[in-house]
Each structure stands twice: as C-alpha cells, then as structure tokens.
Amino acid sequence: MRPPLVLTIAGSESDGAAGVQADLKTFTALGSYGASAVTMVTSVSPRGVRSVHPLPREVVRSQIDAVAEDLLLDATKIGSLGSAAVVEEVAAAVRAHRDRFGVIVLDPVMVSADGTALISAEGAAAVGTSLLPLADVLSLNMAEAAQLLGRPLATSIDEMRDQALALQATGPDTVLITGGRLPGEDVVDLLVHPGGTDLLRAERITGRRVRGAGTTLSAAITAQVARIAEFDRVGELDEIGEAGTADDLVTIVASAREFVASATENAQDWRLTRGGDGYGPVNHLITLDKD
Ligand SMILES: Nc1ncnc2c1ncn2[C@@H]1O[C@H](COP(=O)(O)OP(=O)(O)OP(=O)(O)O)[C@@H](O)[C@H]1O
Ligand SMILES: Cc1ncc(COP(=O)(O)O)c(N)n1
C-alpha cells in the first residue's frame with residue numbers, strides 16, 4: 001500500500017506563497033505524498049522578489065534521478081526552472097525515463113506577480129521547444145501563453161481559445177489558460193482537452209492582491225490526477241464518482257479551481273507582514289482547517 005505519490009520540479013520561494021513550498025503544502029492538503037527536486041532558489045517576501053539563483057544543472061538532475069529511479073510516481077509537476085540549462089536538463093531527465101514520471105503537469109512560470117522575470121529569454125524559448133512536447137497537461141496564465149507563442153496578450157475569450165489550441169498542437173492533450181488578467185465580473189479560465197473546449201467561470205474575488213494562485217492551481221491539478229491514479233490502482237475508482245470517467249480532467253480542473261478559490265477567500269484577512277501590505281498568499285492548508 002502507498003499514498004498517491006507526486007514529484008514537483010520547481011524553485012524554492014522563501015516566503016512560502018508559491019514555488020516548491022506551495023506545491024508541497026497543496027499536495028499534503030489534498031492527500032498526496034510530495035517529493036521535490038529544487039531548480040532554483042529565490043529570495044522573496046510579500047513585497048517582491050529580491051534575488052533569483054538557478055541551481056547548477058547537475059544538481060537538479062541528481063535530485064530528479066534519485067526520486068524517479070526509486071519512487072513510484074503517479075504524477076509530476078514541472079514549475080519554475082530559471083535557466084535554459086536547467087530546462088534542457090529537466091527535459092533530458094524526463095526523456096530518459098518518460099514512463100517513470102506518471103502524468104506530467106507543466107506550469108511554465110515566467111514572471112513573478114511583482115513583474116520580476118523568473119527565467120531568461122533563452123530559458124523561456126527552451127520551455128517551448130523541449131518541455132511542451134513532454135507534458136500531458138499545460139496550466140498557465142495569459143501572459144505565459146502569449147510569451148510561449150510569441151503573440152500579444154489575448155484580449156478576448158476567442159483569442160484565449162486560439163492560443164490554447166496553438167499550444168495544444170505543440171504536445172499537451174490538455175491546456176488550461178487562466179484568465180485572472182482578463183477584466184470582468186467573473187474570472188474565466190479556458191480549458192482545451194481532447195473532448196473539446198470548456199469555459200470555467202467563477203465569481204471574481206476582490207480584495208487583497210494574491211500571489212501563488214497559479215502555482216496552487218497546477219499543484220492541485222497534479223495532486224488530484226495522482227489521487228485518481230491511486231484509486232485506479234486499487235480498483236476503487238467508483239468511490240470518487242465522476243472524477244474517474246473520460247471527463248477526468250474537466251472534473252479535476254473544476255475541483256482544483258474550487259480549492260484555489262476557497263484557499264484564496266480563507267486568507268483574505270491574513271496579515272503576515274510587519275507593514276501589513278504587499279501580496280498575500282492563499283491558505284494552502286484549507287482542507288486541514290478544523291473551524
Ligand atoms: N480575483 C480572482 N477571483 C477568483 N479567482 C481568481 C482570481 N484571480 C485568479 N483567479 C483564479 O486563480 C487561478 C490562477 O489564475 P491567474 O490567471 O491569476 O494565474 P497567475 O497569474 O499565475 O496567478 P498568481 O500570479 O496569483 O499565482 C485561476 O483558476 C483563476 O481563475
Ligand atoms: C519559485 C517561484 N515559483 C513560482 C512563482 C510564481 O508563482 P505564481 O505564478 O503562482 O505567482 C514564484 N514567484 N517563484
């Protein structure tokens with residue numbers, strides 16, 4: 001017997017709102033065992049990013065190989081990578097044993113919420129050429145979609161759909177473009193999958209500025225994918241109802257969005273900083289809240 005097992009390949013983010021820290025908390029909150037391979041170290045506070053240090057490629061490779069050679073992974077999330085060298089090393093590590101990583105969810109983090117670049121231009125280009133073809137699920141915001149395609153930011157749902165289809169053509173079966181940046185009363189995310197296109201609407205939460213929602217969403221999708229793989233393994237798919245059918249990813253994404261929305265709402269009143277300002281995290285551990 002074993003729990004759903006998930007690996008995150010991503011950067012450390014010192015204030016715990018995004019990056020590996022947010023991934024591991026989210027995996028835990030959703031019942032998965034989380035392993036990690038750290039790709040870079042960032043010094044971040046709610047006021048912004050102070051420094052970004054990609055790790056040497058061999059350090060990243062060694063962590064991935066150690067985990068993938070020995071642990072029975074159900075799913076892997078790939079997040080922030082920092083440099084073209086690390087992107088290429090991660091792609092090489094995955095290609096060497098593609099079957100050992102389970103379902104791969106790629107969240108190609110490019111820019112932090114305060115506008116700081118988290119990867120070089122060559123690194124971003126390498127994500128497009130080397131990692132997109134290896135991903136099963138691509139989860140990204142509108143700015144990341146535009147950058148990967150070399151197009152302007154989408155200004156309508158139709159343009160989001162065109163960009164999602166263009167990204168799907170590069171490899172991943174399922175592409176989720178999140179629409180936090182598209183103005184409107186509702187937030188609309190767009191999901192393209194083998195069965196068609198779905199628009200996922202939710203009421204926009206207004207209030208304090210949030211950081212880490214995108215990271216938490218892709219981590220929640222990864223954890224749910226692993227949970228379904230685990231139910232499948234032990235022959236208990238019936239117990240989770242719809243989320244075990246052909247519409248898996250639509251249901252999984254919808255439930256991951258609900259998780260992020262509750263985690264965002266729940267942390268609206270948090271004041272973690274001395275000055276009380278800056279971007280606030282979501283409450284990743286909302287499922288463990290006893291109140
Ligand atoms: N104001 C909001 N109210 C409700 N949901 C939101 C809001 N903003 C974003 N979301 C949801 O959060 C998820 C992440 O979306 P977003 O487009 O903001 O990604 P992001 O830019 O990577 O986020 P972040 O930089 O905060 O991590 C999506 O599911 C989106 O619908
Ligand atoms: C190491 C690291 N990873 C990711 C993000 C951004 O995440 P998000 O897009 O969720 O704000 C970040 N700021 N730092």
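I started with the UniProt record, an unreviewed entry, which places the feature "domain: Pyridoxamine kinase/Phosphomethylpyrimidine kinase" at residues 14-230. UniProt positions are in the numbering used here, feature names are shortened, and annotations may be inferred rather than shown by experiment. I noted that this is a predicted model, in which local features need pLDDT of at least 70 and side-chain atom pairs count only at pLDDT 80 or more, while totals for chains, interfaces and linings use all residues. Residues are numbered from 1 along each chain as its sequence is written, and chains are lettered from A and ligands numbered from 1 in the order in which they are written.

Entry: the annotated stretch. I looked up residues 14-230 and found 40% helix and 25% strand. The end C-alpha atoms of this stretch are 31 Å apart. Helices (H or I, at least four residues) and strands (E, at least two) are DSSP runs, numbered from the N terminus.

Entry: ligand 1. I found 21 residues around ligand 1, and those that come nearest are Asn 141, Thr 178, Gly 180, Ile 205 and Gly 214. A residue is near a molecule if its C-beta atom, placed from the backbone, lies within 6 Å of it. Strand E8 (186-193), helix H7 (213-233) and helix H8 (248-266) each supply at least two residues of this shell. H7 gives the most, with 4 residues. By class I read 9 nonpolar, 7 polar and 5 charged residues around ligand 1. Here Ala, Val, Leu, Ile, Met, Phe, Trp, Tyr, Cys and Pro count as nonpolar, Asp, Glu, Lys and Arg as charged, and the others, Gly among them, as polar.

Entry: ligand 2. Which residues are the closest to ligand 2? I read Gly 11, Ala 18, Gly 19, Gly 214 and Thr 215, out of 17 residues that surround ligand 2. Strand E1 (5-13) and H7 are the elements that give two or more residues to this shell. The shell around ligand 2 has 6 nonpolar, 9 polar and 2 charged residues.

Entry: packing around H7. I checked helix H1 (residues 19-29) against H7 and got an angle of about 40°, with the axes 9 Å apart. That angle makes H1 oblique to H7. Angles under 35 degrees count as roughly parallel, over 145 as roughly antiparallel, 65 to 115 as roughly perpendicular and the rest as oblique. Axes are lines fitted to C-alpha atoms, for helices over the stretch in contact, and angles run from 0 to 180 degrees between N-to-C directions. H7 and H8 pack at about 135°, with their axes 9 Å apart, so H7 is oblique to H8. H1 passes H7 in a right-handed crossing, and H7 passes H8 in a right-handed crossing. A crossing is left-handed if the near helix is turned anticlockwise from the far one by less than a right angle, and right-handed if clockwise.

Entry: The cut-offs are 20 or more other C-beta atoms within 10 Å for buried, 12 or fewer for exposed, and partly exposed in between, with C-beta atoms placed from the backbone. Thr 76 and Ala 219 are 143 residues apart in sequence and 9.3 Å apart in space, C-alpha to C-alpha. Thr 129 is found in helix H4 (residues 121-131) and is exposed, with 12 other C-beta atoms within 10 Å.
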